[in-house]
Amino acid sequence: MKKQDAAGIVDRLETEYRHSVDSLRTSLKSFLAGGPPPDDALRRGGAFVYPELRLTWPPGLPYPRTSRAYARIPAPGRYAITVTRPDLYRDYLIEQLTLLQEGFDVTLEVGRSNQEIPFPYVLDPADMAMADVSSVEIARHFPTTELAYIGDEIVDGAWIGLEDEPRPLALFDGLRTDFSLARLTHYTGAPADHTQQFILFTNYHRYVDEFVAWACKQLQSGGPYTALSAAGHVYVTPDTPNPEAAVAAGTWRKHQMPAYHLMAPGRAGITLVNIGVGPSNAKTVCDHLAVLRPQAWLMIGHCGGLRGSQKIGDYVLAHAYLRDDHVLDRVLPPEIPIPPLAEIQLALNAAAEQVTGETGDVLKQRLRTGTVVSTDDRNWELKYSSSALRFNQSRAVAIDMESATIAAQGYRFRVPYGTLLCISDKPLHGEIKLPGQANAFYDRAIGQHLQIGLAAIDLLRKEGSRLHSRKLRSFDEPPFR
């Protein structure tokens, strides 16, 4: 069977998507200007629907042997998924389709789905501001965000199709993706489509200051990066005068989890998100970032050291997690193991060697590998007597409020994950963060810690498809990464 041109397939997806968006916007503008609502026959004819990508792999063909974790078809049959923003996902779609055609004798099609595009995802805010029409009135005549049709059943392995219904081709359909793209912009204060393929999470704003200063130097040095997109919808380039001041003057304080995107061609740059404190924020941002199919996300934040031999400023490389955060218990029970990923662990350790200049036993004095506890109780110290047994049984060496959540979300969404924390206090050994001590610690430790995270990303870029471990895939997976 002749292979179909993957780029041509994506071109057709873009044409179909653009046709639907243009039709929806034209009808919306007419209605907001006082015109009639769209004709019912127009909607029944599929004028406002997402395009659908369809794949068929017939039975009776041999299953190819491949060590790749993705672009694998679990069984013969028909697969389909609705697609939004083909322009944003172009490189990703071409890669997945090319690999599938190389390994399997498949047929690809593009058609129109039965899933309509909700009007909030295409509506120009300026048009809405000038119109004397409420969103409730618009929803009477146009497709809107029906939450009953948005969910993570595919991701969580709970999808049950109707008889003769195609199986999912990807983890996220058009509705779920558009929902998250809109939420990301709201929460982070920067355009969702500026998100890069490698993501750093932190829980302190001082890391943001270090990242912005470093990013601005990268822009001015003429390297691979093209711009810095910052929370508050600030956008600086190599030609921006005093870029750090421009970022600082932005309205980032208005946003719950400010994001900073150091952009490179092919979205190969670095995104830093300050998720603040707590597992709820960590879950929320991962829920939405996952639709962009990042190559990896890493947590680089602060933690409490639980061992007497540790010192403030030491590092903890998590190789296991004690999940006491509770935010994912219903969709990913705590008894499900969250495995360490060798590619990530090696990159973080190598990056620590590279940045600190220390190796072997010398580095081991400062970098401890072990279990990290993540709790949803900021004042866990007040109930330590009830937690001590679990901490001892888990052999925990550090405690925070976000790392296990981020790792569990990476496992759940098939995004490679890792954690390198820096010890900022030792609450069980009388070393708590007092104002003067905290400032000295921050000044000394944050710069080096951030550089280790950045160096790890440089190493992970070189891994290519090897970065995506088969540990993250089940026996019955959608074909797309």
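Predicted model: local features only at pLDDT ≥ 70, side-chain atom pairs only at ≥ 80, totals over all residues.
1. First, the ground rules. Residues count from 1 along each chain as its sequence is written, and side-chain values use heavy atoms, with hydrogens and water left out. Local features need pLDDT of at least 70, side-chain atom pairs count only at pLDDT 80 or more, and totals for chains, interfaces and linings use all residues.

2. A search of the whole structure turns up 22 salt bridges (a side-chain nitrogen of Lys or Arg within 4 Å of a carboxyl oxygen of Asp or Glu). One of them pairs glutamate 52 with arginine 54, with the closest N and O atoms 2.7 Å apart. Arginine 54 is partly exposed, at 27% relative accessible area (buried is under 20%, exposed over 50%, partly exposed in between, using a 1.4 Å probe and protein chains only).

3. Have a look at arginine 85 and aspartate 193 too, whose side chains form a salt bridge at 3.4 Å, N to O. This pair ties together distant parts of the chain, 108 residues apart: arginine 85 is in the loop between strand E2 (77-82) and helix H3 (90-103), and aspartate 193 is in the loop between helix H6 (174-188) and strand E5 (198-202). Helices (H or I, at least four residues) and strands (E, at least two) are DSSP runs, numbered from the N terminus. Aspartate 193 is partly exposed, with a relative accessible area of 30%.

4. Next, arginine 412 bridges to aspartate 156, the closest N and O atoms being 2.7 Å apart. Here the partners are 256 residues apart, with arginine 412 in helix H13 (residues 403-413) and aspartate 156 in the loop between helix H5 (135-139) and strand E4 (167-168). Arginine 412 is buried, at 6% relative accessible area, whereas aspartate 156 is partly exposed at 29%.

5. That pair belongs to a salt-bridge network that links Asp152, Asp156, Arg176, Lys283, Asp287 and Arg412.

6. Now for the helices. The axes of H9 (residues 279-289) and H13 come within 9 Å and cross at roughly 25° (axes are lines fitted to C-alpha atoms, for helices over the stretch in contact, with angles from 0 to 180 degrees between N-to-C directions). So H9 runs roughly parallel to H13, a label for angles under 35 degrees.

7. Who touches whom? On the H9 side the contact (heavy atoms within 4.5 Å) is made by Pro279, Ala282, Lys283, Cys286 and Asp287, and on the H13 side by Thr405, Ile406, Gln409, Arg412 and Phe413.

Notes:
Parallel < 35°, antiparallel > 145°, perpendicular 65-115°, else oblique.
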